[in-house]
Amino acid sequence: MSVRVALHSPSGSRSFLERGLLLLVILILLEGTVLTLGAASSPDIGAQDNTGGHDHRDDHRGIEGSRGNTNYTYTKKAFPVLSLDYHHIQVPFEISLWVLLASLMKLGFHLIPRLSSIVPESCLLIVVGLLVGGLIKLVGEEVPPVLDSKLFFLCLLPPIILDAGYFLPIRPFMENIGTILMFAVVGTLWNAFFVGGLLYAVCQIEGTYLSQVELLPCLLFGSIISAVDPVAVLAVFEEIHINELLHILVFGESLLNDAVTVVLYHLFEEYSGAGEVTPMDVVLGVICFLIVSLGGIAVGAIYGILAAFTSRFTSHTRVIEPLFVFVYSYMAYLSAEMFHLSGIMALIACGAVMRPYVEANISHKSHTTVKYFLKMWSSVSETLIFIFLGVATVAGPHSWNWTFVSVTVILCLVSRVIGVVGLTFIINKFRIVKLTTKDQFIVAYGGLRGAIAFSLGYLLDKDLFPTKTMFLTAIITEIFFTVFVQGMTIKPLVDLLAVKKKQEAKRSINEEIHTQFLDHLLTGIEDICGHYGHHHWKDKLNRFNKKYIKKCLIAGERYKEPQLIAFYHKMEFKQAIELVESGGGVKLPSAMPSQVSMQNIQPKKLPPAVAERALPQFTKGREEEIRKILRSNLQKTRQRLRSYNRHTLMADPFEDGWNDFLLKKQRMIELEKKMTEMSNYLTVPAAPPDSPTMCRARLASDPNAFYNIKASSDGVPTIQVDLASPQSPDSVNMLNEFSKRGATDQDLGQREGADRDEDQGLMMKPSSAGKEEKGEEEGGNKNPGLMRCLSDPGPSNEDEEDEPFLP
Amino acid sequence: MGTTNSTLSKIPNVEELMQETGFTPAHIVRLYDRFEALDKEKTGLLRPQDFGAINRLAMNPIGDRIIGAFFSPGQETVDFHSFVRILAHFRPADKKRPKDPSMPEPVNSRTSKLKFAFQLYDQDKDGKISRAELLQVLRSMLEMQVTEEQLESIADRTIQEADLDKDDAISFEEFRKSLEKVNIDHKMSIRFLR
């Protein structure tokens, strides 16, 4: 603990210095960015640069002889030892600079803790973008239109959507799919027509000088501005940790309204030229909507299945597994965009479809890679988008019209509120769990607009829409309003209204078992009633899935128990992490790998979890195992995916390093079970099998520590282990006894040595003995699972602290 | 409406039934049609084998327990009234019910639903879910994919977690407490029985 504290003396001069340095670096980079970016004054940087680049490569290609001649007419100057050739690398350099700027900004915000708790990150990033844009303008250069629609839709948006789709919590999404669709489709339509229509009416009023705005452009504007933006919603909602239901409602709506937006946009754009829309067009529009949305989903599903199928064969080339996930998804997006289908829905469908199968097939490391890459890209993308929004605000030609802008903002708010209230009234008739007023308020207030609206507006043709700049100004104002005002105030409002927050604590084992039981019960009752309800279809889908699809898409024998083996690993990870974080880790000396990185990470979740839990902490690992066994094996494959939150990555960073340690722990657990059968030297009835394990683990790290497992308030049996008692030598002796017993003597001897080596904590020594022990436990299944986990050596073996456990 | 009325008139004591269970006439008729469909021999009573004829129920891991719940102990047949009474447990709870302590707990309240589920666990009806009973349920739900050892430790863990009075069994109160965070009303309601 002392070491950790030392590294975290926050108020000390050290962090101040860090902050100062970082800010200095940021400022320098800003200057550099400004100058270089200002120099590039065209969105088609690629094209321009190529011509620039060609100038210098003429001597190779012999194009433009006159230019080429400069290289042949020797002027006999000194050999250029050092030369500056900026144009050569201009484009990638600028891109990297922007990305670096975005990432540094992200870092910077978190160094100033109070700021990030008051102001959501998105606001700060927009401000940064404004600053950068302002600086560029000050310098005199022309601000590059960075939020170019092509760049946005093809490069910046897909990672975010893929991240969202891949980690989409399927269960709450499907449970509320009706509500979500209602909000997405009907809500967006209502918003579009309400805003568009009323704006037109306002424009017709004398005195606003806006009478040149036609109806169709107004409606188009309405459809652009009425769509809730997934990027903004994600950015803001992530920080307020709202309960799963509301999160999935707003987020799901923002994803699914893409289809509506696409159709409306194209419809009005097409016919703005013609000037009128006939009923036939409306019918076609509806058909188009169905095609766009269902087609998008179909395209995504096809690519998802392809990806899953491909992943079945990747057992020998583990290193490129993540690539399949990314490339197939991106191709799904591009294919959908090619047909003007909804790319967002395609991406979501692809990610959601491929996930269960791909995860069963790919190695653990690939899974981690996929997770990390997705989060990294989406994070960077999101940051870039907000910065670019700021820059584009400074850059874009503006035409401010008080009436138009203010009416837009007001109308958007009003229509959103009316829409949500009205729809909820209808929806509540069909929901079992009704949406309360508080819920409605949050849903209405959380309807943020973002960069998609801006990009769509930017795409408009200036000739067809002479009022384009006015539209853009209004869109930007609306975006600013929602992101700043609504984004900043939603957190205090959530607290004020005491809206239910995300349930941090995991469900207990009882809950898991009983809820599964109830699911079965309900399915049975539905069958008796002859009612094809919710449960019936879910059950059917699961059976179909199990019977046919899993066989095709999941390699080898894993389709029977896809997660159990991988789960043991996960359980071990968590156990080890708990062990380390809870106190064993503090005493771990430098011999432990990745110790420093571990100590830097504060176990945020652990202390409160320990305090809340009624049960002894060290049984958590066993509990995890049980939980996962239930989850994967109970007849309905319930994917209790936690709600998507970028903050949940905390516990995972040390996965790879703990491979061997964990397998070793596994052995200890098996051993413990045998030991408790033998004797109850822990004087607690029915002690969980692995409690002595944790004791010993702690013992190994520090025998003198007194660990008092938190007592619960409601009398659930707690296990108090006094390690300073004379029992401790006994426990070691038990090990000795065991060492004389079975085939695991080699292993035990090592472990014993490890135990006595207090200063060295738990040593990780590869041993094949553990394999046999584990094998007894799990029968034939262990091998594929373990091999899968360990068969992926990663790009270089030297990275591992200890070599893969098995030969 | 005409058919509803005529069907209703065929059922004895239908008013009392509706009062007791809270079903609307439309629901009663629907259930009656289903009852008649299941009752192949038209005896007016259902037997376990009539339930067994429902294919999907056979695949359900706790299917036989559910069937058993319809039959009161010792009885081999179930009439329409009992059928409806059991199904009434799964009606969504009425929101605006005044809390009248003198009235008996309505059959679709949270407590009643939980009690019904509890009885499915507790086959010997001693008011507690013993370790053996829990093991049975786990075994049937986990489909032999988990070893006996794991099952035992899961059962141990479950009991340990829920057992507050340390009698190595789960009483109804403990059962209820362990499920306090779960939205039972949502989980144990069938939509059409509204």
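Q: Which helix gives the largest share of the nonpolar patch?
A: That's helix α18 (residues 402-427) of chain A, with four residues. Helices here are DSSP runs of H or I, at least four residues, numbered from the N terminus. By the way, this is a predicted model, where local features need pLDDT of at least 70, side-chain atom pairs count only at pLDDT 80 or more, and totals for chains, interfaces and linings use all residues. Residues are numbered from 1 along each chain as its sequence is written, and side-chain values use heavy atoms, leaving out hydrogens and water.

Q: Which residues form the patch on the surface?
A: W190(A), I410(A), L413(A), V414(A) and I418(A), with about 410 Å² of accessible area together. A patch takes residues with over 30% relative accessible area and no salt bridge, nonpolar side chains (Val, Leu, Ile, Met, Phe, Trp, Tyr) being joined within 5 Å. The areas come from the Shrake-Rupley method with a 1.4 Å probe.

Q: How do I read a salt bridge?
A: Side chains of opposite charge can pair when their charged atoms come close. The rule asks for a side-chain nitrogen of Lys or Arg within 4 Å of a carboxyl oxygen of Asp or Glu.

Q: What does K106(A) pair with?
A: With E121(A), the closest N and O atoms being 2.8 Å apart. K106(A) sits in helix α5 (residues 90-111) of chain A and E121(A) in helix α7 (residues 121-139) of chain A, so the pair ties together parts 15 residues apart in sequence.

Definitions and conventions. Chains lettered and ligands numbered in written order. Patch = residues over 30% accessible without salt bridge, like charges linked within 9 Å, V, L, I, M, F, W, Y side chains within 5 Å. Helix = DSSP H or I, 4+ residues; strand = E, 2+ residues; numbered from the N terminus.
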